[in-house]
Amino acid sequence: MSCICWGGMSPGTPPRYPSMPRYPKGTSPEAARKAKGSEVKALFSVVGMTCAACAGSVEKAVKRLPGIQEAAVDVLNNTALVLYYPSFVDEDKICEAIENAGFEAKLMKQETNDMTKQVCRISISGMTCTSCSSTVESALQAVHGVHGAQVALATEEAEVHYDPSIVTSHQLMETIEITGFEAKLISVGEDISKIELKVDGIKVGQSIRAIAKALEALPGVQDIETFPELNKISVSYRSDIIGPRTFIQTIESSGSAHFKAIVYPEEEKDTNRQREIKQYYKLFLWSLVFTIPVFLTSMVLMYIPGIKKLLDVKIVNMLTVGQIIRWELSTPVQFIIGRRFYIGSYKALRHGSANMDVLIALGTNAAYFYSVYIVLRSANYKDFKGQDFFETSSMLITFILLGKYLEILAKGKTSEAIAKLMNLAPETATLLTLDEEGNVTNEQDIDSRLIQKNDVIKTIPGAKVACDGSVMWGQSHVNESMITGEARPVAKIKGDAVIGGTMNENGVLHIKATRVGSESALSQIVRLVESAQMAKAPVQKFADRISKYFVPMVIILSFSIWLAWFLAGKFHSYPHSWIPSSIDSFELALQFGISVMVIACPCALGLATPTAIMVGTGVGASQGILIKGGHALESAHKVNCIVFDKTGTLTVGKPVVVSTKIFNKMQPQEFYELVAATEVNSEHPLAKAIVDYAKKIREDEENPTWPEAKNFASITGQGVKAVVRNKEVIVGNKSLMLDNDVGVPEEAEVALAQAEALAQTGILIAVDSELAGIVAISDPLKPGAREVISILKSMGVRSIMVTGDNWGTANSIAKETEIETVIAEARPEHKAKKINDLQASGYTVAMVGDGINDSPALVAADVGMAIGAGTDIAIEAADIVLMKSNLEDVITAIHLSRKTFSRIRLNYIWALGYNVLGIPIAAGVLFPSTRFRLPPWIAGAAMAASSVSVVCCSLLLKNYKRPKKLDILEMHEVRVQ
């Protein structure tokens with residue numbers, strides 16, 4: 001019999017061979033610490049082994065490699081199982097070592113530790129259009145060790161999934177900076193918290209290094225960054241293991257107690273955006289100061305006789321005062337104020353891409369340097385007469401800066417939802433110190449970021465709850481509307497859970513912190529909304545494809561337009577009277593070419609989808625609907641069929657036991673002890689109803705301890721079984737009984753039929769393979785469920801109910817709700833298969849569920865909607881989370897997605913229509929018939945206005961109102977005590 005063992009080997013296992021150290025010689029403690037937890041398990045096929053000695057040779061050869069954690073060889077199955085650190089050794093070297101030992105080796109299977117998958121978010125400054133974000137995204141995805149990267153232009157952030165054993169977050173930031181943009185790390189790891197501490201008393205660089213070393217030795221610390229010039233230390237840590245007050249104590253106890261540590265003053269979330277807004281505003285104002293005189297001298301003052309005479313005074317040959325003034329004023333606009341466009345163009349072209357900066361730089365340079373050529377010709381020739389275009393380059397840059405300023409201002413408003421969520425957390429909290437008997441001995445006001453797990457926090461009336469936890473003492477009502485959208489205050493007593501960021505209404509509460517930092521509900525909601533706003537909708541691929549070729553095509557088109565008009569003028573293909581008196585045919589052609597170059601706008605296309613999704617997901621979050629990204633939004637707006645689970649979805653999900661029928665001579669207390677001991681390990685709502693009822697049977701105990709359940713097994717969609725007091729107990733539906741050869745007598749069949757007729761669920765209980773009893777459970781229908789199904793029908797959405805419950809109960813519920821199609825006694829895999837069948841029939845299917853047994857169906861559906869009061873697994877599997885647990889939010893989610901996508905379509909129609917209409921007009925299509933031409937500065941203003949209009953169009957979604965049909969529904973969550 002073959003056996004593979006780890007750690008302590010079995011007696012028959014060959015002796016452990018001496019091996020190299022786990023890490024190569026010279027590996028720094030830092031590298032060793034980072035490698036820990038990144039192990040990869042690989043299974044190799046080894047051909048040629050004949051005996052235990054062969055296996056020993058292979059094992060010895062593998063273990064001598066640096067970076068091998070463990071190796072076990074199975075001679076009978078010709079395999080080798082190896083656990084190794086991928087930062088020090090790879091599968092090719094392992095194969096080579098086995099082959100050097102004289103055997104053939106081939107990788108069969110590789111399992112990566114979850115620890116080798118990490119996610120980080122990085123803020124990126126300097127992106128102007130989709131071409132920029134695509135360049136950064138491509139650069140990140142090309143990095144070895146990166147599993148996937150998404151770069152969002154609207155949020156100016158990147159979300160990167162990577163292997164920390166191969167590449168670090170600092171290397172990812174370096175990659176972004178190499179592409180020409182500024183990068184700043186926001187967060188590392190979804191379950192990792194981060195805090196920045198300011199340390200006073202540091203005099204030399206060695207001190208901060210010593211502090212960092214002391215912090216690194218603490219359990220749960222993941223990463224440390226030091227900023228000696230700011231006396232700042234940034235610590236990434238696992239909040240379930242350690243907390244920030246421990247870091248402060250460690251710092252203050254080191255260095256002979258000379259150091260003092262506090263939480264570093266928190267920078268404003270939108271500091272970069274505010275800085276950028278101020279920068280653009282300042283640049284616009286300075287540009288305006290120089291541009292207005294240029295505009296006046298070329299467009300207005302030339303028509304005022306006295307001033308015209310002054311401006312036309314010749315200095316050298318044909319060079320006039322007006323030309324010198326315009327040249328001097330437009331030069332700082334072109335090269336100092338417009339410097340950012342040159343830098344952006346250089347960075348883009350250096351990496352083989354072209355963005356909006358390239359178009360602006362080319363257009364303004366063409367106008368500016370042609371004007372310089374005119375000025376120089378005027379100064380050198382007595383008979384030369386030409387018109388400069390200095391006002392074109394200056395006004396172009398001014399209008400584009402104005403457009404960028406308005407665009408950034410508007411983009412900031414699209415992310416207000418996240419800012420509001422983050423501001424829910426209070427700044428301070430009252431920490432209680434308790435003695436052994438639980439009496440309060442001290443109260444201390446602390447920064448809320450210093451709260452650690454198991455701390456006891458005092459919350460007074462009118463104050464915000466500082467962290468997720470459970471009530472230890474006191475009673476009150478808590479307003480949870482800011483988190484769940486539930487308008488009614490919720491009563492809280494000892495043992496009830498509370499959510500950080502909610503408002504305590506009328507009583508003092510002592511709360512024990514259970515989830516802090518990145519684990520808190522508020523942090524998870526913020527992270528979910530941020531990820532949703534990062535995720536690209538499939539429709540955005542359309543814009544990405546266009547933007548890839550847009551700028552090069554515009555440059556080619558612009559040059560072609562200039563050449564066509566120039567050649568037409570050169571060969572007199574149009575009457576000379578068409579040319580305005582102040583310019584010649586070359587200058588006319590140049591104006592057409594520059595207008596085409598600057599009117600084309602890739603930005604509007606790039607912003608059409610992400611800005612609408614940002615506002616849409618933000619509006620959803622404010623109404624208690626968490627939408628996980630653009631893909632979920634896009635799929636939801638197409639939904640034409642919804643599959644509802646029954647328990648906890650159409651029904652309240654708080655079932656109660658209404659009757660019990662025992663078939664043997666067992667006493668009710670003994671019967672329920674066996675059933676409760678079995679069901680207490682299950683989180684299904686029906687199981688909880690049975691356990692709650694069993695507690696009432698045992699009135700003498702508030703929190704009874706149930707007998708131990710051995711060999712517990714949960715059969716998804718059927719029930720549970722275990723051994724209690726040496727008796728095999730099976731609790732579940734009829735199919736589970738039949739699968740375990742338990743007979744169902746006629747008396748039980750009649751009781752089941754009666755329960756089903758009353759819309760009750762009959763749970764069968766077998767003890768030692770004999771049917772012992774039936775428990776009938778009723779779960780009331782959610783208020784308004786029937787109206788919701790009716791409204792969905794009017795929206796063209798078909799409703800289907802799929803449940804693991806019996807046919808009688810299912811049909812009864814379907815009759816009440818007027819659902820026409822019902823599938824009962826369905827296992828989880830049957831639910832998923834039914835969804836696949838509906839998809840094959842051409843339906844876009846949404847699944848609404850709340851339990852673990854719904855997870856496969858939630859994943860299989862085009863859109864999975866999890867009821868917020870459901871299990872974590874269901875919420876994790878879903879695309880949309882309905883936090884209020886109200887069925888009406890299903891309608892709101894679909895309606896909001898349809899509104900958002902109609903806005904996206906409108907944005908695309910405007911962005912594409914603007915370019916389709918604007919480019920031909922700028923190219924001079926109307927000029928032959930109407931003599932109308934678009935001056936370059938007006939084309940530039942139109943280009944700037946297009947981006948602003950798309951963002952403003954998306955911002956109109958903030959005024960979203962749910963369907964009026966829902967106003968007639970007064971739906972409240974029903975609580976069954």
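**Figure 1. Salt bridge between Lys-661 and Glu-747.** Lys-661 forms a salt bridge with Glu-747, with 3.9 Å between the closest N and O atoms; the term requires a side-chain nitrogen of Lys or Arg within 4 Å of a carboxyl oxygen of Asp or Glu. The pair links distant parts of the chain, 86 residues apart: Lys-661 lies in strand β26 (residues 656-662) and Glu-747 in helix α25 (residues 746-757). Helices (H or I, at least four residues) and strands (E, at least two) are DSSP runs numbered from the N terminus. Lys-661 is partly exposed because its relative accessible area is 38%, and Glu-747 is partly exposed at 47%. Buried means under 20% relative accessible area, exposed over 50%, and partly exposed in between (1.4 Å probe, protein chains only). The model is predicted: local features need pLDDT of at least 70, side-chain atom pairs count only at pLDDT 80 or more, and totals for chains, interfaces and linings use all residues. Residues are numbered from 1 along each chain as its sequence is written, and side-chain values use heavy atoms, with hydrogens and water left out.

Figure 2. Lys-63 is buried at 3% relative accessible area, and Glu-59 is buried at 7%. Salt bridges that share partners join Glu-59, Lys-63 and Glu-70 into one network. The structure holds 22 salt bridges.

**Figure 3. Salt bridge between Arg-340 and Asp-357.** The side chains meet at 4.0 Å, N to O. Arg-340 belongs to helix α11 (residues 339-350) and Asp-357 to helix α12 (residues 356-380), 17 residues apart. Both residues are buried.

**Figure 4. Patch of negative charge on the surface.** Asp-92, Glu-96, Glu-99 and Glu-104 form this patch. Patches are made of residues with over 30% relative accessible area and no salt bridge; like charges are joined within 9 Å, and nonpolar side chains (Val, Leu, Ile, Met, Phe, Trp, Tyr) within 5 Å. Asp and Glu count as negative and Lys and Arg as positive, while His and the chain ends are not counted. The place of a charge is taken as CG of Asp, CD of Glu, NZ of Lys or CZ of Arg. Helix α3 (residues 91-100) gives the most to the patch, with 3 residues. Glu-99 is found in helix α3 and is partly exposed, at 42% relative accessibility.

Terms used:
Areas by Shrake-Rupley, 256 points an atom, 1.4 Å probe, with all protein chains shown as cover.
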